[in-house]
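Let's take a walk through this structure together, one stop after another. Keep the model open beside you and follow along as we go.

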Amino acid sequence: MTPSRAAFAAILAKDLRAELRTLQSLPAMALFSVTTFVIFRFGLDRTSLSGSLAAGVLWATLLFAAVLGINRLFVAEREEGGFDAIRLAPIDRSVLFAAKVAALVVYLLALELVAVPIFAIFFLEDAAGLGPLVAVLLLTDLGLAATGTLISSMAVNSRARDLLVPLVLLPLAVPLMIAATGATEPLLSLGGPSYDRFGTWLTVLGLYDLIFGLVGYAVFDFLLED
Amino acid sequence: MYGKGLKPLSIATVAMLALSLSLVFFYAPLDGDQGFIQKIFYLHVPLAMTALVGFIVGGIFAIAHLRTNDRKWDAYSYVAIHISVIFGVAVLITGAIWAKASWGHWWVWNEPTLVSFLIVFLLYATYYPFRYAIEDRDRQARYASVFAVTAGAFVPLNFMAVRMAQSLVHPRVFATSNGGLPGSMMLTFLCSLAAVALLWTTLVKFELTAKSASGQVKRLRRALDAPATGGNSRIAPEVS
């Protein structure tokens, strides 16, 4: 195992272990998403959703729940001196970026493992669209994790930590949400899933992941200098 | 030192603006479909193009800052984005006026270019609170550059995504600039574009000159041990 890979695995394992032991993000994210579904139930006054409404409710909820986790992603590094340790370690700094993106993807997948089935139980009449939805979820999570990690690592060193993440991340996530809802809408339509422009939207998601993955990888070095 | 060449540049800008405005009002033919209101096109579109290019230029300056660690480039990047955001406000206002006049609504969601521009504008509007939240000057400059690079990569991607979100049954409401524009209109448009681009350059140069002058005054005061007067901006970078 190369040193970078070992460092990547160590940071990822550290993050997941810390989250498993403290449970400071995931339960809050899951609870938040379920409550948001209830609010949408009354806000829209609908007991079942399909098509564009279903896609919109699902993605708005997942995005806002993700913001909660992204806010806290680097708090431990900042408060317990993790940033200094990474700077001291003889490893490439981008490893921290990669490991944090991976950890965030795991958090988001865990969140969706709870939130999407509950969403289906609450609102969907048939769950046939959930199978292909996994591909949309995976690609969107990657993009959200890439931009989220980048913004979170900057916000944590600012005076307005909890403010900056939603402020900057939401506009950045607009193209991601356009593509994710575009792909989800036909999957959840009333007469069973259809695949209208599904591949095109997945391509857009992949492109977003690629661009912001590369941007994050390229600029992350500059965020750790001090 | 930034003031060098500011005067001829300003004169060229004023001359070009005067030329393009006279072309707009006395030379370009009235649009057969929209009539007089179509003339806002010669202001709206060049402003939008200049603002978008300005955002990208801000990102390129930010790359230069990250590569060289020279604070000058951070100031360039800040001023480029700053002026482009101001142009962006003008773009949204002229766009709304045009939309009201030709389609009857202040805002039209199925005009993808305008919607994309709004999203880009919203992202760049967060540049100020973002800078303001970071206290350490060096870190502020570095983070702002990272923001500018990320947002620069975001601009084309966003335009693509919004364009694709238009359902295919909806045709584009009006053709783009080269969509059958007659020669006289094209000439007027190019003149306006040059005038607005010159205006952007002049404003950027002026802002840099002003910042550099106030930075020099501050340094001289410090050398004389005199108390500084005036507010000290917490977001604008200092220029030497």
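We'll begin with Asp45(A), which sits in the loop between H2 and helix H3 (51-71) of chain A. Bear in mind that what you are looking at is a predicted model. Asp45(A) has a phi near 55 degrees, a positive value in a residue that isn't glycine. Is Asp45(A) buried or exposed? It counts as exposed, because Asp45(A) has 7 C-beta neighbours inside 10 Å and the cut-off for exposed is 12 or fewer.

Leu23(A) lies in the loop between helix H1 (3-22) and helix H2 (26-43) of chain A. Here phi is near 50 degrees, again a positive value in a residue other than glycine. Leu23(A) also counts as exposed, with 10 C-beta neighbours inside 10 Å.

Now for the inside. The largest nonpolar core has 134 residues, and of these Ala179(A) and Leu205(A) touch the most other members. Which element gives the most to this core? That would be helix H6 (residues 94-123) of chain A, with 15 residues. As a background point, nonpolar side chains tend to be buried together in soluble globular proteins. If you zoom in on Leu205(A) and ignore residues up to four places away in sequence, you'll find that it touches Leu139(A), Thr140(A), Gly143(A), Leu176(A), Ala179(A) and Ala180(A). So Ala179(A), the other residue with the most core partners, is itself among the contacts of Leu205(A), and a residue needs 20 or more other C-beta atoms within 10 Å to be called buried in the first place.

Next, have a look at where the two chains meet. Chain A puts 26 residues into the contact and chain B puts in 24 residues. On the side of chain A that touches chain B, the elements giving two or more residues are helix H7 (130-155), helix H8 (161-187) and helix H9 (198-224) of chain A. H8(A) gives the most, with 10 residues. Sorted by class, this side of chain A has 20 nonpolar, four polar and two charged residues.

From H8(A), the residues Leu172(A), Val174(A), Pro175(A), Ile178(A), Ala179(A) and Gly182(A) meet Phe154(B), Leu157(B), Asn158(B), Ala161(B), Val162(B) and Ala165(B) of H6(B). That contact has 10 nonpolar, two polar and no charged residues.

Also in helix H8 of chain A is Val168(A). Val168(A) is buried, with 25 other C-beta atoms within 10 Å. Leaving aside neighbours within four places in sequence, Val168(A) is in contact with Ile151(A), Thr126(B) and Phe130(B).

Finally, stay with H6(B) and turn to its packing inside chain B. Helix H3 (residues 71-103) of chain B and helix H6 (residues 137-165) of chain B pack at an angle of about 50 degrees, their axes 10 Å apart. That angle makes H3(B) oblique to H6(B), and the crossing is left-handed. Arg71(B), Asp74(B), Ser77(B), Tyr78(B) and Ile81(B) in H3(B) meet Ala141(B), Ala144(B), Ser145(B) and Ala148(B) in H6(B). By class, that gives five nonpolar, two polar and two charged residues.

Definitions and conventions. Residues are numbered from 1 along each chain as its sequence is written. Chains are lettered from A and ligands numbered from 1 in the order in which they are written. This is a predicted model: local features need pLDDT of at least 70, side-chain atom pairs count only at pLDDT 80 or more; totals for chains, interfaces and linings use all residues. Two residues are in contact if their C-beta atoms, placed from the backbone, lie within 7 Å. Helices (H or I, at least four residues) and strands (E, at least two) are DSSP runs, numbered from the N terminus. Ala, Val, Leu, Ile, Met, Phe, Trp, Tyr, Cys and Pro count as nonpolar, Asp, Glu, Lys and Arg as charged, and the others, Gly among them, as polar. Axes are lines fitted to C-alpha atoms, for helices over the stretch in contact, and angles run from 0 to 180 degrees between N-to-C directions. Angles under 35 degrees count as roughly parallel, over 145 as roughly antiparallel, 65 to 115 as roughly perpendicular and the rest as oblique. A crossing is left-handed if the near helix is turned anticlockwise from the far one by less than a right angle, and right-handed if clockwise. A nonpolar core is a set of buried Ala, Val, Leu, Ile, Met, Phe, Trp, Tyr and Cys residues joined through C-beta atoms within 7 Å.
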